[in-house]
Amino acid sequence: MDDEVFEPPDDGTWELDTTHNSRPISWFTRSPLVSGFPRGFAEGLARYGLLLGRYDVAVIGGFLYAQLVPFGAGGTATPEQMQARIATSARAFAERFWREDLARWDEVVKPGAVAAHLAVEAVDPAALSDEELAAHVERCRDHLEAMIELHHRYSAPSLMATGDFLAGALQWTGATAGELMGLLRGSSAISTGFATVELDALADVVAASDTARAVLASHDRPQVVLDALEADPDAGAATRRYLDAVRYRSIGYDVGEPCAGELPAMLVGSVRAAAATRKSGPGDDGDAALTAVRARVPAEHLAEFDDRLHEARLANRLRDERATYSDGWAVGLARRALLEAGRRLADRGALADPEHAVDADAVELGALLRGEPGPAAQEVAERFRRRTTRTVDDAPAMIGPPPSPPPPVEELPQPARRAALAVGVAMANLFGVPQTANSATVLRGLAVNTGVYEGPARLVADGADFDRVQPGDVLVTRMTSPYFTVVLPLLGAIVTDRGGQLSHAAIVAREYGIPGVVGTREATRLIPDGARVRVDGTSGEVRLLR
């Protein structure tokens, strides 16, 4: 595997993923990602009878690339299999498969995933022998693959109802996707943060305690402040519950990104922000917005509009829940084990730095821990250097021939059209960005939540930068993951380079009630760190003030 060569695994079309990872993929993450991602996706696509048969991924030149493969491509499906697939698609809408999937998620899948995470978390890597730690690293690798598969198994049910609502409502109302997605506000509580209950409880305790307020107001180092809060007689229990909830949650999709527990300044800032002022969350204008949009729906489609909106609101929380309760947790637990392995190997000179452990795979780390032959410290250090010094700007956007356009919906059999429209609209609003021109002082993107906010821009290239985020900052980043929610209490607004109206940044801005502009393409290049900016979440404009 050569990170300097962009050689595709076949002669198909491979497109660079710029939505989930801004840097190359760590060596440890590659195997579980390439195995689990397409397997989970294929299962979800088959369940809904979608004519998009597979969504394969590969690591090329160190970066993640994806390839869409239609069902039956190259004559791999018989006419009978194609008819059965289309019949399944029709049934998915008639029987509302996502309701069954949501119930199973709540009753079986999510509790099972939480139990699996807690079982891994209960093992203290520092207490293991080298042989036991090698086995635990392998266990974390397998756990991560299973959770990546789980995440993507629920991609179809998390998007189908929303895509179906958008496909119909865009046609019936002439409203923008942003206006329509605003009608889902309040339907995804997880998007405001996976530890909001614990954080709010801690903020309540701090507000009522003189000693806790004094600790939080001190100018000590952030870790000292957290330790003092844990020791405080009033706030100690609430602090521990909050830290336990976030400690091993990753900020990104890759073990190369830090866990929240490694960013004490960010955590202290979040507690201070929550204690000082509560976010009001979504405004109370939802009824007025819905009334205005419904007034534009032709009478003959009004009942169907209401029905599709209801289903979209019902399923919307799966969008972020599937990530938060699957690989977001598993990535953090794997990183915990890797850093312990890295510490031991660095002490022996087998690695140059404990952090380099993320750029060895599970088999290599096991060999090194057992004192067996493995990659040299210099080789792993070079992998680490390549991963941390390159971004998606250094990789070709596409490898292979240009992709063939999908067949016009009108040419598909009638039972397959509704699903095709839903998928097409969902994908367009996940990844599509506007091509409006930017200038040196004004950037334009997609408006995802109303309101105007002025504040200092904080450029975040990767998870380590979160420790620099201060209350009231405007987060400026390439893209966000569902796990960025841990920093939400600090933010005044969100601006991204990538992502559409269904991106995680758009969802969390709406749910948290802060202005957001996504898909600017160039914000991280044109906005200096610390510059004062005005974010207009209504017009989709970001203006540099000074």
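**Charged and aromatic contacts**

Visitor: What does Asp307 count as, given its relative accessibility?
Guide: Asp307 counts as partly exposed, at 29% relative accessibility. Please note that this is a predicted model.

Visitor: Which side chain does Asp307 meet in a salt bridge?
Guide: The partner is Arg96, with 3.2 Å from N to O. Asp307 belongs to helix H13 (residues 302-315), while Arg96 sits in the loop between helix H2 (79-94) and helix H3 (97-121), so the pair ties together parts that are 211 residues apart in sequence. Arg96 is partly exposed too, with a relative accessible area of 24%.

Visitor: And how many salt bridges does the whole structure have?
Guide: A search finds 42 salt bridges. One of them joins the side chains of Arg370 and Glu131, at 3.1 Å from N to O. Arg370 is in the loop between helix H16 (362-369) and helix H17 (377-389) and Glu131 is in helix H4 (residues 130-153), so this pair ties together parts 239 residues apart in sequence.

Visitor: Which residues are linked in a network of salt bridges?
Guide: The network links Asp130, Glu340, Arg343, Arg344, Asp347 and Arg348.

Visitor: Turning to rings, how many aromatic pairs are there?
Guide: The structure holds eight aromatic pairs. Among them are Phe93 and Trp98, whose ring centres are 5.8 Å apart with planes at 75°, so the pair is edge-to-face.

Visitor: Are Phe93 and Trp98 buried or exposed?
Guide: Phe93 is buried at 9% relative accessibility, and Trp98 is buried with a relative accessible area of 3%.

Visitor: Where does the charged end of Arg47 sit?
Guide: The charged end of Arg47 lies over the ring of Phe97, 4.4 Å from its centre. Likewise, the charged end of Lys110 sits over the ring of Tyr325, 5.0 Å from its centre.

How values were computed:
Residues are numbered from 1 along each chain as its sequence is written. This is a predicted model: local features need pLDDT of at least 70, side-chain atom pairs count only at pLDDT 80 or more; totals for chains, interfaces and linings use all residues. Side-chain values use heavy atoms; hydrogens and water are left out. Rings of Phe, Tyr and Trp (its six-membered ring) pair if their centres lie within 6.5 Å; planes under 30 degrees apart count as stacked, over 60 as edge-to-face and the rest as tilted. Buried means under 20% relative accessible area, exposed over 50%, partly exposed in between (1.4 Å probe, protein chains only). A charge sits over a ring if NZ of Lys or CZ of Arg is within 6 Å of the ring centre and within 35 degrees of the ring normal. A salt bridge is a side-chain nitrogen of Lys or Arg within 4 Å of a carboxyl oxygen of Asp or Glu. Helices (H or I, at least four residues) and strands (E, at least two) are DSSP runs, numbered from the N terminus.
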